[in-house]
Amino acid sequence: MGVRQMVSRVAAAGLLAAAAVLTPATAAQAAPTGCSAWDSAGVGYATCTGGTGTVWVVIQCLSLAGDEITRLGNAAAVGQLSRATCPSSVYWSLQPEPWYTTSG
C-alpha cells in the first residue's frame with residue numbers, strides 16, 4: 001500500500017469516527033424530557049414525561065437553628081415520581097423550591 005493510499009484510509013477512518021460522535025442520539029438513547037419539580041406539604045417531587053433514563057428530586061432543608069442539608073430523592077424512571085422529605089421534625093423546612101437531576 002502506497003503512502004497516498006494509507007493517508008486516504010486514515011483520513012476516511014477519521015471522518016467516520018467524527019460522524020459517529022456527531023450523530024444525534026436515537027429515541028432509545030434520549031435523555032429524560034419534560035421534567036419538572038415541585039413541593040407539596042413539605043415534600044419535594046420530580047417527574048419526567050418523555051425520553052428514557054432516571055430522575056431524582058433534590059431538596060434543601062433548613063432548620064430553625066440555621067443548619068442546612070441537601071436530600072436526594074429516590075431514583076425514578078420516566079413517568080414515575082421521585083420523592084424526598086426533610087428530617088421528620090417540626091424544626092426543619094424545605095427551602096427554597098426543589099429541583100431535579102437526570103441521567104439518561
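**Close-up 1. The disulfide between Cys-61 and Cys-86 in the predicted model.** A disulfide joins Cys-61 to Cys-86, with the two sulfur atoms 2.1 Å apart, and the angle of -95° about the S-S bond makes this link left-handed. Because Cys-61 belongs to strand E3 whereas Cys-86 sits in the loop between E6 and strand E7 (92-94), the pair ties together parts of the chain that are 25 residues apart in sequence. Cys-61 and Cys-86 are both buried.

**Close-up 2. The disulfide between Cys-35 and Cys-48.** Here the S to S distance is 1.9 Å, and the link of Cys-35 and Cys-48 is right-handed, with 105° about the S-S bond. Cys-35 lies in the loop that runs between helix H1 (3-22) and E1, and Cys-48 in the loop between E2 and strand E3 (54-63), so this pair ties together parts that are 13 residues apart in sequence. Both of these cysteines, Cys-35 and Cys-48, are buried. A search of the whole structure finds two disulfides, and when the bonded cysteines are counted along the chain, the disulfides follow the pattern 1-2, 3-4.

**Close-up 3. The open sheet E1-E2-E6.** Three strands, in the order E1-E2-E6, form an open sheet with antiparallel pairing. Strand E1 (36-40) and strand E6 (82-85) stand at the edges and have a single partner strand each, so one side of each is left without a neighbour in the sheet. On average, and with direction ignored, neighbouring strands of this sheet are turned by 20° against each other.

**Close-up 4. The pairing of E1 with E2.** E1 and strand E2 (residues 43-47) pair in the antiparallel sense over five bridges, and Trp-38 stands opposite Tyr-45 in E2.

Definitions and conventions:
Residues numbered from 1 in each chain as written. Predicted model: local features only at pLDDT ≥ 70, side-chain atom pairs only at ≥ 80, totals over all residues. Heavy atoms only, no water. Pairing = 2+ DSSP bridges. Helix = DSSP H or I, 4+ residues; strand = E, 2+ residues; numbered from the N terminus. Axes fitted to C-alpha atoms, helices over the stretch in contact; angles between N-to-C directions. Disulfide = S-S within 2.5 Å. Buried < 20%, exposed > 50% of the residue type's maximum accessible area, 1.4 Å probe, protein only.
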